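Here are my notes on the charged side chains of this model. Please read them next to the structure.

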Amino acid sequence: MIPYRKLKKKWLKEPAFKNAYDDLQPEYDLIALMIRKRIDEGLTQKEIARRMGTKQSAISRFESGTYNPSLAWIRNAAHALDAKIRISIGR
């Protein structure tokens, strides 16, 4: 069996794979930032869910990258984390 890191390094040499991989980076950055904020605030997934009026499983799906949230959901999550959202488009 080939280790994941070795396989990833090989695949990233292929332009189509690298483009698809790079396109996902903003989503993973957002997830990482939201998780870091939640942990820094000492909050559980359950507490954030309660503040948002949703279930803990929704927070878990978001944090695992298996949920594609709307901007309204992200705004609600940011509010629950007492955070602000800034969006920019550029190169």
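1. Asp-22 and Lys-18 sit four residues apart in helix α2 (residues 15-23), so about one helical turn separates them. Their side chains meet in a salt bridge, 2.8 Å from N to O. Asp-22 is partly exposed at 35% relative accessible area. Lys-18 is partly exposed too, at 36%. Keep in mind that this is a predicted model.

2. Helix α4 (residues 45-52) holds Arg-51 and Glu-47, again four residues apart, about one turn of the helix. A salt bridge links their side chains at 3.2 Å, N to O. Glu-47 is partly exposed, with 22% relative accessible area. Arg-51 is partly exposed at 39%. Salt bridges with shared partners join Glu-47, Arg-50 and Arg-51 into one network.

3. Which residue forms a salt bridge with Glu-63? Arg-38 does, with the closest N and O atoms 2.7 Å apart. Arg-38 lies in helix α3 (residues 25-40) and Glu-63 in helix α5, so the pair ties together parts 25 residues apart in sequence.

4. Are these two partners buried or exposed? Arg-38 has 12% relative accessibility, so it counts as buried, because the cut-off for buried is under 20%. Glu-63 is buried as well, at 15%.

5. Glu-63 belongs to helix α5 (residues 56-64). The side chain of Glu-63 also makes a polar contact of 2.7 Å with the side chain of Gln-45. Leaving aside residues up to four places away in sequence, Glu-63 touches Ile-31, Ile-35, Arg-38 and Gln-45.

6. For the tally, the count of salt bridges comes to six.

Conventions:
Residues numbered from 1 in each chain as written. Predicted model: local features only at pLDDT ≥ 70, side-chain atom pairs only at ≥ 80, totals over all residues. Heavy atoms only, no water. Helix = DSSP H or I, 4+ residues; strand = E, 2+ residues; numbered from the N terminus. Polar contact = N/O pair within 3.5 Å; in protein donor to acceptor, adjacent residues only side chain to side chain. Contact = heavy atoms within 4.5 Å. Salt bridge = Lys/Arg side-chain N within 4 Å of Asp/Glu carboxyl O. Buried < 20%, exposed > 50% of the residue type's maximum accessible area, 1.4 Å probe, protein only.
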